[in-house]
Structure formats: C-alpha cells, structure tokens
Amino acid sequence: MRTSLQQFWSLLVLSIRSMSSRTSSCLVAIVGFAVTSAVMVSVLALSNGLATFWRAPASGDIALVLARGSLAEEGSRLSRDAAAQIMQAPGIRQPVAASLSSQLVMTASLPRASDRKGVSVLVRGFKGGDFPYRAGLSMRSGRAFRHGVDEVIVGEELARTLDHVSIGSWLPLGTGRFKVVGTFGETGGGRHESEIWGDATQLAAALGAAGQTSSVYVTLTEPQAFDAFAGYLSKLPDFSGTAIRESDYLRRQSDRFRMVVLVPGLALVLVMSLAAMLATVNTMLSAIHARMRELATLRAIGFSPSLVAAQIVGEALVLGALGSALGIVAAMSLLHDQSALTSNGLAAMAFSLSVSVGTACATIGVVLVFACAAGAWPAVLMSRMCVADALRHT
Amino acid sequence: MGYVGLIASGTRYRTSQVLISSLCVGMAFLLLAMLLCAQQAFVAGKSVASSHRLRSQGSSSITTPIPLSYANKVAQVPGIRSVLYVGAEPAAYQDDPRHLLLQAVSAATFFETFPELVVAPKQRDAFLTDKRSLLVGRETLKHYGWTLGQTVTLQTNVLDASGAASWAFHVDAVYDSDDPKIPADLTFVHYGYFNDARANGKDTVIGLVTTIDHPDQATAIAAAIDRLFATSSPRLITQPENQAVENQLTQFGDFAQIASLIAALVFLSMLLLAHNVWYERVKMRRMELATMKALGFQPHSIALLVMAEAALLTFASAAWGSVLALGIAGYLKSRIDHILPGFHFPLSGWGVIVIVTLMFSVLSSCLPAWQAARIPLAAASRD
C-alpha cells in the first residue's frame with residue numbers, strides 16, 4: 001500500500017511537471033472551472049443573503065395578525081378595533097398591553113445612492129410604547145425616535161444604499177419631512193435593516209394612511225399557545241384578520257425568493273459545470289495523446305494500469321482545485337461585504353453579500369466531483385491501452 | 001475530392017475531440033439563448049399601444065391612494081383621448097395559496113385603452129354590462145379550473161358595509177393576446193362594484209392610465225398632468241408607460257448587466273477552449289497540411305480550410321444549443337409565467353446568435369489558420 005502511494009505520488013508530480021509543456025490546454029480547463037466556481041459562489045452568496053434577510057427569530061413565541069388574504073404586511077389593513085379584539089384572545093403573555101404591538105407598514109419612494117433613481121422602501125410605524133427592543137435589535141448610532149414628533153430611524157443596511165442618509169438629515173416621506181435621528185441594526189442582519197421606523201400617527205398622516213393598522217405583533221406565553229390563540233381569532237365573528245407564527249410568515253416569504261434565485265442560478269451552474277467538465281475531458285484527452293509513449297513506457301517498466309489511470313484522475317483534480325481556488329478568490333474579492341439592493345416588487349430589500357467558508361467548501365467540492373468525472377474516461381482509455389501499440393505511437 | 005469533401009474529412013479527424021468541443025460550445029449557446037429569454041422579462045415592451053399610454057401614481061409610493069376626482073381633472077388636459085382609473089386588491093380563492101391581484105378598472109374605457117387584450121365580442125359585451133363580471137387570462141382559468149359563466153367567491157381585504165370580506169364574481173370573459181409580454185394571469189373587475197359597496201377607502205384609486213392621441217407628445221402631456229396637482233396632496237407622478245415599466249424593473253437590480261457578464265465569461269472560456277482545439281488540430285495535422293501545400297494548395301486556401309471547419313463546428317453547435325434552449329423555454333414559459341412574465345425567446349435573439357456565431361468561429365480559428373497557412377514545407381514533411 002505504502003509503495004503504491006509513493007508510486008502514485010511520484011507519477012502525479014511527474015504529470016504536474018509535464019503540464020508546463022501543455023500550458024494552453026491546461027489553462028482552458030483551469031479557466032473553465034474558475035468561471036464555474038465564481039458563478040456558483042455568487043449564486044450561493046446571493047441566496048445566503050436572502051436567507052439572512054428573512055431569517056426567522058430564535059424564539060418561536062411571536063405571532064402576527066394580518067388581514068385575511070394578505071400575503072405580506074405592506075398589503076394588509078386591519079379594521080380599527082382589531083387590536084382591542086385580539087387583546088381578548090387566550091395565550092398572550094402578561095401584561096397583555098405590553099405584549100401587543102400594532103404596526104402600520106407603508107411604502108415610500110426614496111432615491112438610491114448608486115444612480116439617484118427612486119426605490120420603494122418599507123416604512124414601519126409603531127403606535128405608542130417605546131422603541132420595540134426585541135431580541136437582537138439595537139441602535140447602532142444616534143438615539144431612538146420619539147413618539148409624536150417627525151423623527152425616524154433607518155435600518156443600517158438601507159442607510160448604506162440610499163442617497164444622503166445620515167443622522168440629522170431630512171427624509172421626504174409623502175407630504176412630510178422627517179428627521180433621521182439614528183440607525184439601528186439586527187445581529188446577523190435581517191429584514192428590519194431595510195426599513196425606516198417612526199411613529200405610526202406621524203407617518204400615517206404624511207403617507208395618506210391615517211388611522212390604519214397593518215399588523216399586530218403578539219408575544220405569546222409559550223410557542224405551544226399559538227393554536228389556542230389562532231383558533232380563538234378564527235372563530236371570532238366579524239374579525240377581519242388571521243394569525244400566523246412569525247417564523248412561518250418569514251419562511252413563506254423566504255421560500256418564494258430563494259426559489260427565484262436558487263433554481264435558475266443552480267441550473268446555470270450545472271450547465272456551466274458540465275461545459276467545464278467536457279473542456280477538461282478534452283484537455284485530458286490531449287494530454288494522454290501527447291504523452292502516449294511516456295505512459296506506455298511507464299506501463300512497460302511495471303507500473304500497474306490502475307496507478308497510471310489514477311495519475312490521470314489526479315491531474316484532473318489538480319486542475320479542478322486550481323480553477324476553483326482561482327474562481328473563489330476572484331468572486332470573493334468582488335462580492336465580499338458588498339451591499340445588494342433588490343426588490344420584491346413593492347419594497348426594497350437591502351442585504352450584505354458574504355462568502356462563507358461553507359460556500360467556498362461546497363464550491364470546491366462540486367468542482368472536484370466534476371473534475372474527477374472529467375478524468376475518469378481518459379483514465380479508463382489509458383488503463384486499457386495496448387502497451388505495444390502505444391509504444392509505436394508517433 | 002472536392003473542397004467540401006476536404007472540410008468534411010477534416011472534421012472526421014479525432015471525432016471524440018470534435019464531439020466534445022461541439023458539446024461545450026453548444027452549451028455556451030444554450031446558456032446565451034436562455035439568458036436572452038430571461039432578459040425579455042426585464043426589458044420594457046415597446047409596443048405601439050403602450051406608447052399611447054401614460055401612467056400616473058401617487059408621488060410618495062406606488063400604493064398611495066389617489067382621489068377619484070383626479071380622473072375628471074386629468075381628462076380635461078388637451079391631447080387626451082380617455083382616462084382609465086385602476087384600483088388593485090389582492091384576493092384569494094378558497095384555500096389556494098396563490099393569490100390573485102384584482103385590478104378594479106373603469107370598464108367603459110377599458111378595451112379602448114388596452115387594445116392588445118383580445119376578447120370575443122360576445123364576452124366583451126357580457127363583461128361591460130355585468131357589474132360583477134370578472135375578466136381573466138387563460139392561465140388563471142386553467143389554474144383554478146373555472147368555466148365561463150361560473151360564479152366564484154373571492155376573499156379580499158375590502159370590507160363591505162356589513163363587514164364581510166368575500167365578494168361574488170361572474171367569470172364572464174377571457175382575454176388572449178398575441179404579445180408574449182402580456183402575462184396570461186391578469187384579472188380585471190369593475191371598479192364600481194367594489195366602490196359602491198365598500199365600507200371604507202371609497203372613491204380612491206391607486207393609478208390612472210391615460211390614452212393620448214400622439215405618442216410624441218407623451219412627455220409634454222405627462223408634465224401637464226403633474227402640474228395640475230402640484231399643490232394638491234397627494235401629488236401625481238406621470239410617466240409614459242414604457243418608461244414607467246423600465247423604472248420599476250431597474251429596482252430588481254441591473255439584470256442585463258449581470259446576464260451579459262455571465263454570458264461574456266462563458267463565451268471567453270469557450271473561445272479559449274475552441275482556439276486551443278484548433279491550434280492542437282493544426283499542430284497534429286501539420287504533415288497532412290504540408291503535403292497539401294506540396295501538392296500545390298495555396299496558403300490562403302489552407303487557412304480557409306481550417307476556418308471553414310471551425311465555422312462548420314460552431315454553426316452546428318450554435319444550432320443544437322439554441323434549438324434545445326427554444327424547447328426548454330417553450331416548456332418553461334407557462335410554468336414560470338407568474339414569476340417571470342414575458343419570459344420568451346425574442347425574434348431579435350436570432351440576430352444576436354448569428355452574430356455571436358460568426359464572431360466566435362472567426363476568433364477561435366483565425367490564429368490557428370494563419371499558422372496553418374505558414375507551415376514551412378520542408379521542416380513539416382520531415383516529421
């Protein structure tokens with residue numbers, strides 16, 4: 001075993017050394033794999049970014065009540081007495097008033113930093129109470145907004161992508177002008193970082209949504225209390241909302257977007273991987289063609305067919321590893337910690353792209369599998385060759 | 001053996017290499033064609049009907065309610081043929097997770113404003129006369145299994161005076177369209193039906209669609225409309241429809257840029273591959289090429305031979321790649337219409353593919369062909 005490993009190693013070193021005489025065909029394989037892995041890293045980074053955007057909260061005890069038939073908060077409008085009706089429901093953590101948060105979600109158009117074109121952003125208004133310090137939410141700079149005043153705080157990720165947003169600047173929202181008094185963030189990023197927060201009454205007046213409520217967030221006594229809570233609301237006559245767990249709501253949103261990114265993105269990566277694999281098959285075929293007599297000599301002096309074949313697969317793997325490393329480094333230098341701004345049609349979604357170790361490992365793994373497959377056929381051809389014929393090869 | 005025979009025999013040399021190269025190059029064209037299809041979903045349609053339309057919305061956001069009275073004021077601007085007002089309400093049918101967006105329109109001017117929606121005359125009359133009627137696309141009809149004339153109850157966010165949120169509609173009409181950019185799953189209802197019975201939010205719309213006589217006055221009329229409401233709240237933002245759609249699409253990020261970057265990367269790596277293949281083939285066939293030269297073939301005809309072989313391979317690969325892409329796009333179209341409306345292979349795409357094919361075959365083979373033409377006779381024949 002030991003000797004065959006040593007033999008394999010020396011053969012591999014031999015074939016890697018011989019690469020310099022076949023630079024251009026090796027380069028084809030390396031570039032093919034590099035492009036494939038760069039695209040794969042980008043697709044995965046985008047998908048991870050979306051996943052953090054819709055990341056579910058750690059605690060499962062928060063439910064939200066939306067208007068029946070609404071897909072998302074921005075399209076939902078509850079009747080005026082909804083909060084009072086919800087208060088009567090069982091399963092809400094005591095004191096009830098502090099566990100309920102009525103919110104109004106609207107959209108407003110603001111210019112983005114890159115080209116000053118208007119993007120539609122989510123504006124969330126809070127009724128009464130203090131700044132809702134939820135787990136993981138914190139002020140990153142400045143202070144929280146005060147109720148009854150035209151003040152807003154802006155999500156950190158959104159502030160980076162919008163034009164001229166800093167503490168002390170004024171934002172034109174609808175018919176009003178609001179002073180930015182702080183930026184807030186969520187540990188690990190999330191959807192709230194793409195929003196603007198302020199007092200519901202002030203924002204509603206400026207954006208033409210006076211007196212409306214989009215959703216009511218409810219903290220339950222425990223996650224299991226949800227069924228009783230939702231059941232009570234669904235049996236309530238003339239109640240216009242439905243309850244949904246926050247985690248389910250976020251999963252519903254995230255599934256939609258990840259499918260749109262992941263399915264076409266990975267299909268693209270698959271086709272590119274196949275093309276890169278075929279390019280490598282070509283490279284390896286040329287390589288054995290050029291080294292026919294050398295390989296036949298190796299066989300003639302006693303190297304086993306499987307060792308010679310393994311050497312060819314090994315060479316393909318080296319090309320794959322080089323290519324994927326190159327592609328990942330290129331993609332990382334372009335993408336890492338960049339902010340992406342996209343939209344779900346109604347509101348902007350800002351999130352940072354990051355290339356995780358897992359993403360890089362997955363990419364290298366996929367490329368190596370394809371590289372191994374690319375080396376297999378030439379290797380089988382080589383192990384089956386007739387040594388005498390091959391030695392006669394010109 | 002004629003010249004064509006020579007080309008054919010050239011492609012038979014090391015068939016495995018030719019086949020693999022064709023597979024690689026074909027896949028690049030497959031990707032290119034698919035990207036062209038997807039790109040169609042991100043570029044605004046430039047149809048004739050669309051150039052006659054202006055779209056107005058509230059200035060603060062796309063969902064700002066606009067008072068209905070604005071429509072009458074807009075109608076008085078010179079150069080305007082008709083004004084259509086639109087409300088939008090999400091709706092759900094039974095427990096189906098897919099939601100409908102009901103566009104509540106002022107029916108009287110609807111067909112005049114959107115001539116590209118083709119509806120049978122009988123159904124058109126039915127839609128216009130019945131206040132509860134629903135005009136749907138083929139896709140919606142198929143998805144929910146509805147039949148013409150059926151009464152369906154939809155859950156909405158609109159509460160009527162009694163506090164109920166379910167509304168009954170008659171499926172009266174179905175539209176078709178020749179334009180692949182028009183989704184087959186739009187739903188239109190009468191604005192009056194909601195407005196007469198709803199408890200709150202009465203007499204507001206979210207947009208106005210104005211039809212104008214002369215497209216070249218579009219920007220001037222749009223500015224005139226916005227001036228009318230300069231001091232009102234909410235103000236209006238009016239844009240020619242083509243421009244409005246384009247602005248909305250830019251919010252998804254610069255798709256065209258990303259797509260062309262990927263296409264360029266794929267093509268550059270395939271170009272490298274093809275160039276390398278032709279370089280290798282010329283090197284391996286130098287004996288044969290030198291013999292041809294010795295027999296009296298001119299250098300330029302040898303160069304042409306190599307380039308013709310390359311062109312044959314590239315065109316064959318481009319042909320199978322794009323035909324396969326067309327098949328896949330046809331299969332996908334109806335399945336992803338609700339996510340990517342307008343996904344289809346454009347006619348102009350053939351032009352792009354032919355140009356790329358020509359450039360690819362020339363770029364991949366010109367250097368090897370030049371080398372082939374300059375093979376030194378004596379040295380090569382001595383191998």
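So, R81(B): partly exposed, at 44% relative accessibility (buried is under 20% relative accessible area, exposed over 50%, partly exposed in between, with a 1.4 Å probe and protein chains only). Its side chain meets that of D213(B) in a salt bridge, 3.0 Å from N to O (that is, a side-chain nitrogen of Lys or Arg within 4 Å of a carboxyl oxygen of Asp or Glu). This pair links distant parts of the chain, 132 residues apart: R81(B) sits in strand 3 of chain B, and D213(B) in the loop between strand 10 and helix 9. D213(B) is partly exposed too, at 33%. Helices (H or I, at least four residues) and strands (E, at least two) are DSSP runs, numbered from the N terminus.

Quick housekeeping. This is a predicted model, where local features need pLDDT of at least 70 and side-chain atom pairs count only at pLDDT 80 or more, while totals for chains, interfaces and linings use all residues. Residues are numbered from 1 along each chain as its sequence is written, chains are lettered from A in the order in which they are written, and side-chain values use heavy atoms, with hydrogens and water left out.

In chain A, E157(A) and R160(A) form one at 2.9 Å, N to O. Both lie in helix 5, three residues apart, about one turn of the helix, and E157(A) is buried, at 8%. Also in chain A, E73(A), R124(A), R191(A), E195(A) and E246(A) are linked in a network.

The contact takes 47 residues from chain A and 40 from chain B (contact meaning heavy atoms within 4.5 Å). About 3600 Å² is buried between them, with 65% from carbon and sulfur atoms (the accessible area, 1.4 Å probe, that two parts lose on being put together, summed over both). V28(A), L278(A) and N282(A) supply 15% of what chain A buries against chain B, more than any other three residues.
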